[in-house]
Structure formats: C-alpha cells, structure tokens
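These are my notebook entries on one chain, written while I went through its structure entry by entry.

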Amino acid sequence: MITNDSATTLIRPVIPNRAPTGLWWGLLGVAAFSFTVPLTRVAVGGLSPLFVGSGRAVVAAILAALALALTRQHLPRGKQWLRLAVIAGGIVVGFPLLTSFALTSAPASHGAVVIALLPAATATAAVFRGREHPSKAFWAATVIGALAALGFAFLQSGGFGALGWTDLLLFGAVIAAAIGYAEGGLLARELGAWQTVSWALVLASPLMVILTGVATAGQPASATPIQWASFAYLGIISMFLGFFAWYHGLAIGPMAQVSQIQLVQPVLSICWAWLLLGETLTWTTILGGLAVILCAGLAVRVRLSASRQPQNP
C-alpha cells in the first residue's frame, strides 16, 4: 500500500504541469490551420482548384507514407479500412476540393465565417455517430449557429433567395470535414491520432494522384512563387504537420479545453485575410463571424458538459 500511495503522489503533480503544454500544442495546430482558407485563396489565383485540392493531398500523402514506414506502424485491420475511407472522404477529398473550388470566387473572410460552423457541425456528427442524446440547449445553439451562417451567406450573396454556389460548396465542405473529424476522433483511439490521419491520406492517394494528373492535363500548373509557396504550405502544414501539433495537444489534454481552441481558428483566418490579402472587414463579416463562433462555442460547451455528467444506470 505504501508503494501504491507513493506512486499516486508522484503522478498527481504531472497532470497540472502538462495541461498548459497541451493547450499550447493545440493552439499551434489551430494557428497552422488558420492560414488554410486565405492561402487556398492565394493558390487558386494561379493554379486550378482541382490541382490545389488534390495536389496538396498528394504532397501530404507522400510525407504520411514516409512517417508510417519510418516508424513501422502496423496496418489497419478489417473494418478500420472502411472507417478510414469515411475519414479520407471527409478531410482528404471533400473539404480540400470543395473549399478550393469555392474560394476561386468567394473572399477568404467570407469562407472563414461559413467554415466557423465546423466545431458545432463536428459536435453534431459526433452526437449522431455516438448515438448520444444531447439537451435541447445543444440543438438550439447548433440550429441558431446554422441560421446565422445561412443568413450571413444570403446577405453576402445579395439578399435572401440569392444563395450562391460558392456557399453551397462551403457548407458541403463543413459537412464533409465534420463527418471526417468525428469518425477520425473515434478511430484515433484504436490507431493513434497522427496515424489515423496518415493512413487516411495514404488510402486516398491513388484517387488524388489521378485527379492531380487530370488537373495538370487540363491546365498545366503555372503560378507565381507566392502561389507555389501557398500550395506548399497547404500540402505540408495544413494537411500534415498541423495535425501532428493538433492531435498531440489533444493527447496531452485536457481534451475538453484543447478542443475548444478550434473556435479561435475562424477569427485568425479573418485576420489573415485582412492582413495578407487586404480584404475589407465589413460589419456584416464581423457580426456574422461573432454570431457563428458564439453559437458553435455554446454547442461544444453544452455537449462537453453533458458528457461529463454521470449517466443513469
């Protein structure tokens, strides 16, 4: 008993000391992801959206394959491959391609506001995937956030009834990423965090290589150094190294607090769009972004609070 008591005493101080570390790693991952929307906007200014959306996945898949091989990871088994296909369809194929096509015409700040729905959408996908029964407050916050994003999209498109195809693509990207994140969060418990993302990249690589070839044949890749640098960032950081920092932060924890840092991402993206691209920040963008972020934050908090409550037998 003395040995056990001593072990317990030694372990307790470690958790508080590591908690801030998890938050800093999570913030580093979110900071890396926050450049995705504005730099996608830059890249599609000279490269085709199909090339940007698929080519960056090919770059990330090469790095993922090297990481998996060097660390000698075991192959996924059975139904894990099907679950990886769902993840790949969401975060490797769906989100990059849909946002690349949308941002050929939509401002980066506009895209950041719509994509601010992602935390709430991910929480909703996790609810359905885990067969949870959240409170009415969760659904109210989620619905209000979705309506705020829709209202913002309508106003930016010229009024109600004038929702543009770019907004449909952005909403589709949010749904795709939410499904991929929710399934990835579950599978990461079995395969490991960065391993799950890496296997999803490798699984989707044959399709993305084909799409990259089609894009190159249709429009030979030709861009400025800035546009190529943006493309490189999307492939190396946004789709690969950013996940290392993000999932490492979640692994250190506390996961509930670290996951909520994602709510900072759209704010940073809007700031980068203003600073790097010179986009004008209108009151519609500011108020729309705040409304969506606040509703998403409330939805995430309500779900996390409910998950911490003891379940009735």
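**Ground rules.** I am working with a predicted model, in which local features need pLDDT of at least 70 and side-chain atom pairs count only at pLDDT 80 or more, whereas totals for chains, interfaces and linings use all residues. Residues are numbered from 1 along each chain as its sequence is written, and side-chain values use heavy atoms, with hydrogens and water left out.

**Overall fold.** I looked up the secondary structure and found 14 helices and zero strands in the protein chain; helices (H or I, at least four residues) and strands (E, at least two) are DSSP runs, numbered from the N terminus. Of the 313 residues, 50% count as buried, where buried means under 20% relative accessible area, exposed over 50%, and partly exposed in between, with a 1.4 Å probe and protein chains only. I also checked the contacts, meaning heavy atoms within 4.5 Å: among those between residues at least 6 apart in sequence, 89% join residues at least 24 apart.

**Core.** The largest nonpolar core has 73 residues, and those with the most contacts inside it are L84, V92, Y181, L201, M208 and F243. Such a core is a set of buried Ala, Val, Leu, Ile, Met, Phe, Trp, Tyr and Cys residues joined through side-chain atoms within 4.5 Å. Helix α9, residues 165-191, gives the most to this core, with 11 residues.

**Cavity.** How many cavities of 30 Å³ or more does the count come to? I found one, and the largest cavity has a volume of about 310 Å³. On a 1 Å grid over the protein atoms alone, a cavity is a set of points where a 1.4 Å probe fits but cannot get out, while a pocket is an open set with protein on both sides within 12 Å along at least five of seven lines; lining residues have an atom within 4 Å of a point. Grid points are joined across faces, edges and corners, and a volume is the space filled by probe spheres set on the points.

The largest cavity is lined by 21 residues, of which F33, T36, F95, Y181 and Q265 lie nearest its centre. Among the elements that give two or more residues to this lining are α3 (36-43), α5 (80-102), α9 and α11 (225-252). By class, I noted 15 nonpolar, five polar and one charged residues in the lining; Ala, Val, Leu, Ile, Met, Phe, Trp, Tyr, Cys and Pro count as nonpolar, Asp, Glu, Lys and Arg as charged, and the others, Gly among them, as polar.

**Helix α3.** Seven of the eight residues of α3 are buried, so this helix is largely enclosed by the rest of the structure. The buried residues are T36, V37, P38, L39, T40, V42 and A43.

**Second largest pocket.** About 240 Å³ of space lies in this pocket, whose lining of 14 residues has A121, T124, T142, V174 and I175 nearest its centre. Helices α7, α8 (136-156) and α9 each supply at least two of the lining residues, and I noted 12 nonpolar, two polar and no charged residues there.

Helix α4, residues 49-70, has 22 residues and reaches 32 Å from its first C-alpha to its last, close to the 32 Å expected at 1.5 Å a residue; the expected span is 1.5 Å times one less than the number of residues. V52 lies in this helix and is buried, with a relative accessible area of 0%. V52 touches A43, V44, L47, S100, F231 and L234, leaving out residues up to four places away in sequence.

**T166.** This residue lies in helix α9 and, at 11% relative accessibility, T166 counts as buried.
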